[in-house]
Amino acid sequence: MPRSHVHSAEAAPDGETLSALLRRYDTAGEAVSCEPLTQGLLNRGYRLATTRGRFFLKHHLDGDRTAIARQHRVTQRLEALGVPVAPPVPDADGRTVAVIGGRCYALHPWIDGRHRDGGELTAPQCWRLGGLLGLVHTCLERVMRARTGDRRPPVEAAADPEDTFDVIDELLTLIRERRNRDTFDELAEHRLVERRALLERHAHRRPEADAVPVAGWVHGDFHPLNLLYRDTEPAAIVDWDRLGVQPRAEEAVRAAAIFFVRPDGTLELTKVRSYARAYRCAAGAGTSEMAAAVHRVWWERLNDFWMLRWRYQRGDRRADPQFPAAAALVVWWTREYDAVRDAFCG
C-alpha cells in the first residue's frame, strides 16, 4: 500500500506501543517489523509485518476518535456496496480505533498495488476512473442518507479576489526579503505577479453565490496518490480523512486536474473527456452541473496559493515539486477556458 508525498518519515511506534496495539486483535499476531512509509498531511503510515501477515498501520494525527470511527463505518458500508476500499480490521471487541499513549491508530489490511497517474491510463481506463468516482458519490449518498437523514452543511462561497490580492502582496514581500534566493523563489515571484494580473483581468467572473452545483457527500481528496491499482484495475481508494459535503462535480473536476495534468501545466483533454462522460453517466450529473463545477474550480485555482503559503509562511517545502505544473495550469486553463469546459461537458 504505497503512500503519498515522498519525504522524511517519523520513526515507527516502539515495541511497547505495537505490543499494546496488537494485543487488542485476535488474529493480528506479534510484530516482526514496522517500517515508516511517509509522513502524510493528515496521518502517518507504516508497513507492519507480524507473525500473521502484513498490515498498513495508520496513525491519525488529528486524534478525533469519533470522526475516525465514522470514516471507518462509511468505508465498511461502501465495501458492502462494491466500492474498492480497504476498511480497517476490527479488534476483538469490534472497535476500529485504538488509542494508545494518547495517539489514535487504525490497522488496515495491506493492499499490494501501485499508484497510476493519468498519463499511464488508456482511454478505457480513463472511462473506468470516471465511472468509479461516480460510483463513490452515488454510494456515499445511500450510506450517508441512512446515517444522517441527508443533513448538509452550507457550501463555502467562492474566494473574494480582494482577499487574494492581500495574500499575493504578503507572499511577494516574504519572497523579496529572502536572502540567497533560488530558482524556485524566482519562479514563485513571477507566477504571483502574473496571477495578480490575471485576477485583475478576470475579477468580474467570480462565481455567483447561487451558482453552486449539486452538493453531496464526497471522498474529499480523490487523486492518484489515494488510489491503488492492482495491474490495470483499481484495488482500493484510501485516505478518507476529508470525507464531507461539497459540490460533488467539483470533486470530479479537481481530480481530473490532478490525474490528467502534464508536466508543462496542460491537461490531456481527450482523456478528460472520456473520464468526464463516464462520471456524468455514473453520477447522473448534467452538463450544466459540470459547467458550474468547472467554473468554480477554475476560480478556486486562480485564487489559491496553498503551496506557496506552505513554503513561505510555514517553512514546509513538501509541496514544492507540485508547484511548477500547478501554477502553469492556471494560466493555461484561463487561456483555454472554453476547451476545458467543453471537455468536461461534451
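Asp239 is buried, with a relative accessible area of 11%. This residue of the predicted model sits in the loop that links strand E8 (233-237) to strand E9 (244-247). Its phi is near 60°, a positive value in a residue that is not glycine.

**Another positive phi**
- Asn180 also deserves a look: its phi is near 55°, positive although the residue is not a glycine.
- Asn180 belongs to the loop between helix H4 (161-176) and helix H5 (183-202).
- Is Asn180 buried or exposed? Asn180 counts as exposed because its relative accessibility is 76%, and the cut-off for exposed is over 50%.

**Fold and dimensions**
- Eleven helices and nine strands make up the secondary structure elements of the chain.

**Packing and surface**
- Of the 346 residues in the chain, 52% are buried.
- Taking contacts between residues at least 6 apart in sequence, 74% connect residues at least 24 apart.
- Carbon and sulfur atoms account for 48% of the accessible surface, which totals about 15700 Å².

**Charges**
- How many positive and negative side chains does the chain have? There are 50 positive and 49 negative ones.
- The centres of these two sets lie 3 Å apart.

Notes
Residues are numbered from 1 along each chain as its sequence is written. This is a predicted model: local features need pLDDT of at least 70, side-chain atom pairs count only at pLDDT 80 or more; totals for chains, interfaces and linings use all residues. Side-chain values use heavy atoms; hydrogens and water are left out. Helices (H or I, at least four residues) and strands (E, at least two) are DSSP runs, numbered from the N terminus. Buried means under 20% relative accessible area, exposed over 50%, partly exposed in between (1.4 Å probe, protein chains only). Contact means heavy atoms within 4.5 Å. Accessible areas come from the Shrake-Rupley method with a 1.4 Å probe; for residues, only the protein chains shown count as cover. Lys and Arg count as positive and Asp and Glu as negative; His and the chain ends are not counted. The place of a charge is taken as NZ of Lys, CZ of Arg, CG of Asp or CD of Glu.
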